[in-house]
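Please keep the sequence and the model in view while reading.

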Amino acid sequence: MPRTVYVNGDYLPESEGKISIFDRGFLFADGVYEVTAVVNGKLVDYPAHMERLGRSLKELRMDWPCSREEIDAMHQEMIRRNDLREGIIYMQVTRGSADRSFNFPKPAPAPTLIAFTQVMALVSNPNAVTGVKAVTTPDLRWARRDIKTVMLLAPVLGKQEAYEKGAHEAWMVEDGFVTEGTSSNAYIVKDGKVITRGISNEILAGCTRRALFRLAKEHGVEIVERQFTPAEAYAADEAFLTSASQFVMPVVEIDGRRIGGGQPGPVVRRLRALFLEEAGA
């Protein structure tokens with residue numbers, strides 16, 4: 001069945017969902033987005049996603065496209081109209097449509113708000129059983145990675161490199177240290193401790209990451225926030241990634257080197273189980 005999509009207040013068949021060729025998201029990547037998981041018809045970590053959306057909009061000096069209550073209602077209606085039990089809702093806000101000019105248009109156009117759903121196996125993802133492979137690649141992105149913008153060409157190139165090498169994800173490296181994955185946050189485990197880069201403008205503050213930190217603290221799993229090198233990752237006991245569409249995902253090989261014997265380890269298995277339990281799986 002064709003999906004119902006959302007475009008600026010209207011619910012439409014996906015074939016009818018259209019925006020202007022002058023939309024600044026299309027011309028300049030002048031927009032932000034959020035991806036929220038849905039499990040058993042319920043949104044996962046939704047307040048954190050809306051909090052981050054507000055921060056991204058503020059950093060780019062963009063207005064909210066409508067009230068928070070209207071966005072909340074839109075998410076619920078998208079779940080209902082698409083009978084979405086498990087998958088994701090993608091939403092995107094751009095500065096709107098105006099004649100092409102680098103400066104912010106005046107008067108300011110109405111922001112563009114679009115959303116669509118995708119059905120995905122989030123809970124019973126087979127990759128969580130086997131683990132996934134990753135490769136390292138240079139981090140070519142701009143300096144404000146803390147803003148969740150639609151400017152994703154560098155991650156696209158990194159992800160494509162990973163696929164062409166038979167891997168699932170690329171871990172980006174800058175100044176000799178891993179920053180994060182092209183669409184995920186990156187972690188290693190050594191001697192029972194989880195190690196991941198601290199929050200700064202150099203990485204995105206993942207909503208799943210945020211939930212993981214809380215769950216780890218509640219259940220006595222130590223997390224150390226510091227940089228780590230690819231060499232440390234190769235020698236780690238375990239490795240994993242987190243994202244809204246993959247939750248907590250084991251990484252069992254990096255650059256052709258097996259991690260932890262090439263199978264998901266006890267720490268990542270426990271953290272994934274804790275996350276799924278909280279998500280209502």
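Glu232 has a relative accessible area of 30% and is therefore partly exposed, since this class lies between the limits of 20% for buried and 50% for exposed residues. The model in which this residue is found is a predicted one. The partner of Glu232 is Arg226: their side chains form a salt bridge, with 2.9 Å from N to O. Arg226, at 32% relative accessibility, likewise counts as partly exposed.

Other charged residues are joined through shared partners. Asp139, Arg141, Arg145, Glu174 and Glu180 belong to one network of salt bridges. In total, the structure contains 23 salt bridges.

One of these salt bridges connects Glu14 with Arg3, whose closest N and O atoms are 3.4 Å apart. This pair links distant parts of the chain, eleven residues apart: Glu14 belongs to the loop between strand 2 (10-13) and helix 1 (24-28), whereas Arg3 lies in the segment before strand 1 (4-7). Glu14 is partly exposed, because its relative accessibility is 35%. Arg3 is also assigned to the partly exposed class, with 31% relative accessibility.

A further salt bridge is formed by Lys159 and Glu169, and here the closest N and O atoms are 3.1 Å apart. Because Lys159 lies in helix 5 (residues 153-164) and Glu169 in strand 8 (residues 169-174), the pair ties together parts that are ten residues apart in sequence. Are Lys159 and Glu169 buried or exposed? Both Lys159 and Glu169 are buried.

Attention now turns to the nonpolar side chains. In soluble globular proteins, nonpolar side chains tend to be buried together. In this model, the largest nonpolar core consists of 22 residues. Those with the most contacts inside this core are Val194, Phe240, Phe247, Val248, Leu271 and Phe275.

Which elements each supply at least two residues of this core? They are strand 3 (31-39), strand 10 (185-190), helix 6 (207-218), strand 14 (247-254) and helix 8 (266-279). Helix 8 gives the most, contributing seven residues to the core.

When its neighbours within four places in sequence are left aside, Val248 is in contact with Leu212, Phe240, Leu241, Thr242, Val268, Leu271, Arg272 and Phe275.

Methods: Residues are numbered from 1 along each chain as its sequence is written. This is a predicted model: local features need pLDDT of at least 70, side-chain atom pairs count only at pLDDT 80 or more; totals for chains, interfaces and linings use all residues. Side-chain values use heavy atoms; hydrogens and water are left out. A salt bridge is a side-chain nitrogen of Lys or Arg within 4 Å of a carboxyl oxygen of Asp or Glu. Helices (H or I, at least four residues) and strands (E, at least two) are DSSP runs, numbered from the N terminus. Buried means under 20% relative accessible area, exposed over 50%, partly exposed in between (1.4 Å probe, protein chains only). A nonpolar core is a set of buried Ala, Val, Leu, Ile, Met, Phe, Trp, Tyr and Cys residues joined through side-chain atoms within 4.5 Å. Contact means heavy atoms within 4.5 Å.
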